[in-house]
Amino acid sequence: MSKTVVHVLRHGEVHNPDQILYGRLPGFRLSELGVQMAKAAAQGLADREIVHVVASPLERAQQTAEPIAAQFGLPVGVDERLIESANWFEGKKVSPGDGSFRDPRNWWVLRDPVTPSWGEAYRVIAERMFAAVHAARVAAEGREAVLVSHQLPIWTLRRYVERKRLWHDPRKRQCGLASLTSFHFDGAKVVGIGYSEPAAHLIALSATARTAKGA
């Protein structure tokens, strides 16, 4: 059976001066630091055999994919299954300590952390992401592919593949800005998962990383 690797890359830092949960809203592009993170991710993949590059339709993911695609002379495909998760708080300022989660007006939305009640079901996220990964595996059979997505979908996918419960503490996600979660396949079977942060030297400079508002 053929050995294939599908790298799932989180986009770089986003320009978000109002510090809102931007979710699927249009118009949120990479910051200047985020552009540098995308370039660092491309450099980190320079010696790999990348033959397929696909990204979420959102601007920040498309931008993050561009230097990788250019490096290998490939187009950037679009897969809607890689999009950010839907979230009731989209467009609002929400962060730990700001009182949003103690506001009685939000309690109904927060009633079920397992599904969760405030957004797209974890199971739905996991299944669409897993389908996107398998499509990329087929497209890159025997070589390597890069998919650009978002923190929650990537982390949910990883927990799904590792057969862990999907609801989790967001503070414990291992999915930094411009990080790579790499799924190693033997034929159609996942035989290993790797993680790396090619932009680690830039993350310390990121306001997004410090405030945990990135998606």
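**Before you start**

This is a predicted model, in which local features need pLDDT of at least 70 and side-chain atom pairs count only at pLDDT 80 or more, while totals for chains, interfaces and linings use all residues. Residues are numbered from 1 along each chain as its sequence is written, and side-chain values use heavy atoms, with hydrogens and water left out.

**Stop 1**

Six of them make an open sheet with mixed pairing, in the order 3-2-4-1-5-6. Strand 3 (77–78) and strand 6 (189–196) are the edges, each pairing on one side only. Helices (H or I, at least four residues) and strands (E, at least two) are DSSP runs, numbered from the N terminus, and two strands pair if DSSP finds at least two bridges between them.

Now select residues 3–10, which are strand 1. Seven bridges tie strand 1 to strand 5 (residues 180–186), and these two run antiparallel. Look for Val-8 opposite Thr-181, and for Leu-9 with its bridge partner Leu-180. Strand 1 is also joined to strand 4 by six bridges, this time running parallel; Val-6 has Ala-145 as its bridge partner there.

Is strand 1 mostly covered or mostly open? Mostly covered: seven of its eight residues are buried. Buried here means under 20% relative accessible area, exposed means over 50%, and partly exposed is in between (1.4 Å probe, protein chains only).

**Stop 2**

Select 122–139 to bring up helix 3, which lies across strand 1, strand 2 (50–55), strand 4 (144–149) and strand 5. Helix 3 runs at about 135 degrees to strand 1. For such angles, axes are lines fitted to C-alpha atoms, for helices over the stretch in contact, and the values run from 0 to 180 degrees between N-to-C directions.

Next, select helix 4 (151–161). Nine of its 11 residues are buried, so helix 4 is largely enclosed by the rest of the structure. Among the buried ones are Trp-155, Leu-157 and Arg-158. What covers them includes strand 1, helix 3, strand 4, strand 5 and strand 6.

**Stop 1: the cores**

Show side chains for Val-6, Val-8, Leu-82, Met-129, Val-133, Leu-147 and Leu-157. In the largest nonpolar core, which has 21 residues, these touch the most other members. A nonpolar core is a set of buried Ala, Val, Leu, Ile, Met, Phe, Trp, Tyr and Cys residues joined through side-chain atoms within 4.5 Å. Which element gives the most to this core? Helix 3 does, with seven residues.

Zoom in on Val-6. Not counting residues up to four places away in sequence, Val-6 touches Val-133, Ala-136, Arg-137, Ala-145, Leu-147, Thr-181, Ser-182, Phe-183 and Phe-185. Contact means heavy atoms within 4.5 Å.

**Stop 2: rings**

The structure holds three aromatic pairs. Rings of Phe, Tyr and Trp (its six-membered ring) pair if their centres lie within 6.5 Å; planes under 30 degrees apart count as stacked, over 60 as edge-to-face and the rest as tilted.

Select Tyr-22 and Phe-28: their ring centres are 5.0 Å apart and their planes at 25 degrees, so this pair is stacked. Jump to Trp-88 and Phe-89, whose centres are 4.9 Å apart with planes at 85 degrees, so they sit edge-to-face. Phe-89 is buried at 4% relative accessible area, whereas Trp-88 is partly exposed at 40%.

**Stop 5**

Most residues other than glycine have a negative phi, and most peptide bonds are trans. Find Pro-116 in the loop between strand 3 and helix 3; the peptide bond from Thr-115 to Pro-116 is cis, with omega near 0 degrees.

Then go just past helix 4 to Arg-163, which has a positive phi of about 60 degrees. Arg-163 is exposed, at 79% relative accessible area. Finish at Ala-178, in the loop between helix 4 and strand 5. Ala-178 has a positive phi of about 55 degrees, and at 0% relative accessibility it counts as buried.
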